[in-house]
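Dear colleague,

Please find below the structure that I am handing over to you. My notes on it follow, and I should be grateful if you would read them beside the coordinates.

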Amino acid sequence: MGPELLFTAVGVLLIAIGWPLAARRVAPNRWYGLRLPATFADRQVWYDANALAGRDLVALGVLLVLLAIGLPALTGLRGSGFAVVVAAVAIIGSMMITVRGWRAANRLLRHRRAEAAAASAPTAGPGDRR
């Protein structure tokens, strides 16, 4: 299997993995998804953060497929040079997805907790003066 076919397959795999997450079809579980303390702390955060991560995985998968098909055709880059370039895109993209997902999950959890605290805070009635 040449690197072009390998990276095309990796791209398709990322699309297949990301699609159910983006579509909010994956319930909280121990095996699949963006599994972080923040996503396990709140069901809505799980779905929102995983939808974002899923969209990012699909985008990275599409980018890898386009690079795997287009880079050799447009530039003539093949072999180890091609593999290094596309692997770098895959690794950097994966790291960016991880950091973005982690930050988003923590931000979403803070927001959800702030909303819950505001909703449970006592409100002043019409006769209350402070």
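Helices (H or I, at least four residues) and strands (E, at least two) are taken here as DSSP runs, numbered from the N terminus. On that basis the protein has four helices and zero strands, and its elements run α-α-α-α from the N terminus on.

Two notes on the source come before the findings. The model is predicted, so that local features need pLDDT of at least 70 and side-chain atom pairs count only at pLDDT 80 or more, while totals for chains, interfaces and linings use all residues. Residues are numbered from 1 along each chain as its sequence is written, and side-chain values use heavy atoms, with hydrogens and water left out.

Overall form. The C-alpha trace spans about 80 × 25 × 20 Å along its principal axes. The radius of gyration of the protein is 21 Å, whereas a compact globule of 130 residues would have one near 14 Å; the value is taken over C-alpha atoms, and the globule rule is 2.2 Å times the number of residues to the power 0.38. Of the 130 residues, 32% count as buried, where buried means under 20% relative accessible area, exposed over 50%, and partly exposed in between (1.4 Å probe, protein chains only). With contact meaning heavy atoms within 4.5 Å, residues 24 or more positions apart account for 64% of the contacts with a separation of 6 or more.

Helix 4. This helix comprises the 42 residues 79-120, which should span 62 Å at 1.5 Å a residue; its end C-alpha atoms are 61 Å apart, in agreement with that figure. The expected span is 1.5 Å times one less than the number of residues. Among the buried residues of helix 4 are Phe82, Val86, Ala90, Gly93 and Ile97. An α-helix has 3.6 residues a turn, so residues three or four places apart point the same way. The buried residues of helix 4 pack against helix 1 (3-22), helix 2 (37-41) and helix 3 (43-75).

Two individual residues. Asp56 is placed in helix 3 and counts as buried because its relative accessibility is 17%. Leaving aside residues up to four places away in sequence, Asp56 touches Ile97 and Arg100. Arg24 lies in the loop between helix 1 and helix 2. Its phi is near 60 degrees, a positive value in a residue other than glycine, and at 39% relative accessibility Arg24 counts as partly exposed.

Yours sincerely
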